[in-house]
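Here's a quick briefing to read alongside the model. Have the sequence and the 3D view open, and click along as you go.

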Amino acid sequence: MGQHDSSYHLFFSHARMIRDLLREILGETWVSLLDLSSAERVPSSFTSRRHQKRESDFIWRFRRKDTGEPVYVYILLEFQSRPDPYMAVRLMTYIGLFFEYLIAQGLLPKSGKLPLVIPVVVYNGIGPWGPPLELAELIERLDDPSAEQYVPRLLYRLVHEAKVPRELLAASESPVADLFRMEGSTAWDEVIGGFGPLLEHVGDDESLLRAFEEWIKNVIFPRLGLSSDEIPGRLSLKGAETMLAERIDEWNRKLAEENLQKGLQEGRQEGRQEGRQEGRQEGLQKGLQKGLLKGRQEGRREGEAHALLRLLGKKFGALPRDAQRRIAAAELELLSKWFDRALTAERIEDVFGA
């Protein structure tokens, strides 16, 4: 099991993450019928001779509010870039094995019927989910309506992290939303903007906090280009935030230097061309000065843009893509104006104005 898989295994071993996944992300009405405080993880190691234990499977038992009888939620984590086209068949097999386990252990409800098991697949891939969500869609049909009653049916709920609306994640005060939001981040500014809300939402749950710290160290930092030598063995979430902030400042300085050198090179070239055209040394000096000024201005603009992104991320969390694009394209004067507004703004809309 890879670092990414093992991190998710830790996350969804926490009752808080499961409760928030059902309540904040799924949000279906049946969730309100369960006593979410009764969450209890049950064994998922039941196997047959042909089916080995899966480390990415979780089964959580909840009690109904009305009768106290159990309802099970089967969580399957899917990390493959190419989803299994027969996922519904796999789920049918696992749930069938689980029913056999309940029967053998005498764990059925008082009615003697099988309990309800709701399968949920959490998929963190970027590409679309192609497999059908209903087992019946995988079954060939006879051209006769009387055979339809024999078609097996099993519906599962898919949670595709990349497709969860960003507005929903931004509005949710949940570590599950923080996980999905940071999982989809592609820049340092987006990641660092998520640290503050994450610390607040995790609260005093030390075990869950450790899980996030290990995930950030082993998954997020390498994704952002940090080598293992640069990452301390024991890393706190606050330490990670400081580390990224320092890395952003270093990156801004390097970017400014690169822009300055680029400007100088362009200036030399422009100066030589102008000097050849005019036949005077003044042309070269003029071009050099122009290139130097251009490089400095571009370096200042890039630094101001990243400083604004960092400030907005700390105040408002992950920024909408539109806001990031506006900042990336803005001139220095406008960036400075937005930065001044951001210092006192209560909403992100107040920063950009009309």
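In this predicted model, Arg157 and Glu28 pair up in a salt bridge, with their closest N and O atoms 2.7 Å apart. Arg157 sits in strand S5 while Glu28 sits in the loop between helix H2 (15–26) and S1, so the pair ties together parts that are 129 residues apart in sequence. Neither end is hidden away: Arg157 counts as partly exposed at 26% relative accessibility, and Glu28 is partly exposed too, at 33%.

**Other salt bridges**

- The count of salt bridges comes to 13.
- Arg141 and Glu148 meet through their side chains at 3.1 Å, N to O. Arg141 is partly exposed at 37% relative accessibility, and Glu148 is partly exposed at 29%.
- Glu213 and Arg210 make another salt bridge, with the closest N and O atoms 2.7 Å apart. These two are 3 residues apart in helix H7, which means about one helical turn separates them.
- Is Glu213 buried or exposed? With a relative accessible area of 4%, Glu213 is under the 20% cut-off and so counts as buried.

**Strands S1, S2 and S3**

- S2 (residues 57–64) runs antiparallel to strand S1 (residues 34–42), and 5 bridges join them. Val42 is the residue that stands opposite Ile59 of S2 in this pairing.
- On to strand S3 (residues 70–78): 7 bridges join S3 to S2, again with an antiparallel run. Here Ile59 stands opposite Tyr74.
- Why is S2 described as largely enclosed by the rest of the structure? The reason is that 6 of its 8 residues are buried.
- The S2 and S3 hairpin has 5 residues between the strands, and Gly68 takes a positive phi near 80 degrees there.

**Nonpolar cores**

- The largest nonpolar core holds 46 residues, and Phe11, Phe12, Leu21, Phe180 and Trp215 have the most contacts inside it. Helix H7 (residues 206–223) supplies the largest share of this core, with 9 residues.
- Which residues does Phe11 touch, leaving out those up to four places away in sequence? The list is Met17, Leu179, Leu208, Ala211, Phe212 and Trp215.
- A second, separate core has 21 residues, including Ile59, Leu91, Leu135 and Leu158. That puts Ile59 in this core as well as in the strand pairings, opposite Val42 and Tyr74.
- For general context, nonpolar side chains tend to be buried together in soluble globular proteins.

- Pro132 is in the loop between strand S4 (117–123) and strand S5 (157–160).
- A relative accessible area of 19% puts Pro132 under the 20% cut-off, so this proline counts as buried.
- Setting aside residues up to four places away in sequence, Pro132 touches Pro85, Glu137, Leu138 and Tyr156.
- The C-alpha atoms of Pro132 and Leu155 are separated by 9.1 Å, with the two residues 23 apart along the chain.

- Tyr86, Val89 and Met92 make a nonpolar surface patch of about 260 Å².
- Of these, Val89 belongs to helix H3 (residues 87–105). Val89 is partly exposed, with a relative accessible area of 30%.

**Whole-chain numbers**

- The protein has 12 helices and 5 strands.
- Of its 354 residues, 46% count as buried.
- Taking contacts between residues at least 6 apart in sequence, 63% join residues at least 24 apart.

How values were computed. Residues numbered from 1 in each chain as written. Predicted model: local features only at pLDDT ≥ 70, side-chain atom pairs only at ≥ 80, totals over all residues. Heavy atoms only, no water. Buried < 20%, exposed > 50% of the residue type's maximum accessible area, 1.4 Å probe, protein only. Helix = DSSP H or I, 4+ residues; strand = E, 2+ residues; numbered from the N terminus. Pairing = 2+ DSSP bridges. Patch = residues over 30% accessible without salt bridge, like charges linked within 9 Å, V, L, I, M, F, W, Y side chains within 5 Å. Areas by Shrake-Rupley, 256 points an atom, 1.4 Å probe, with all protein chains shown as cover. Salt bridge = Lys/Arg side-chain N within 4 Å of Asp/Glu carboxyl O. Contact = heavy atoms within 4.5 Å. Core = buried A, V, L, I, M, F, W, Y, C linked by side-chain atoms within 4.5 Å.
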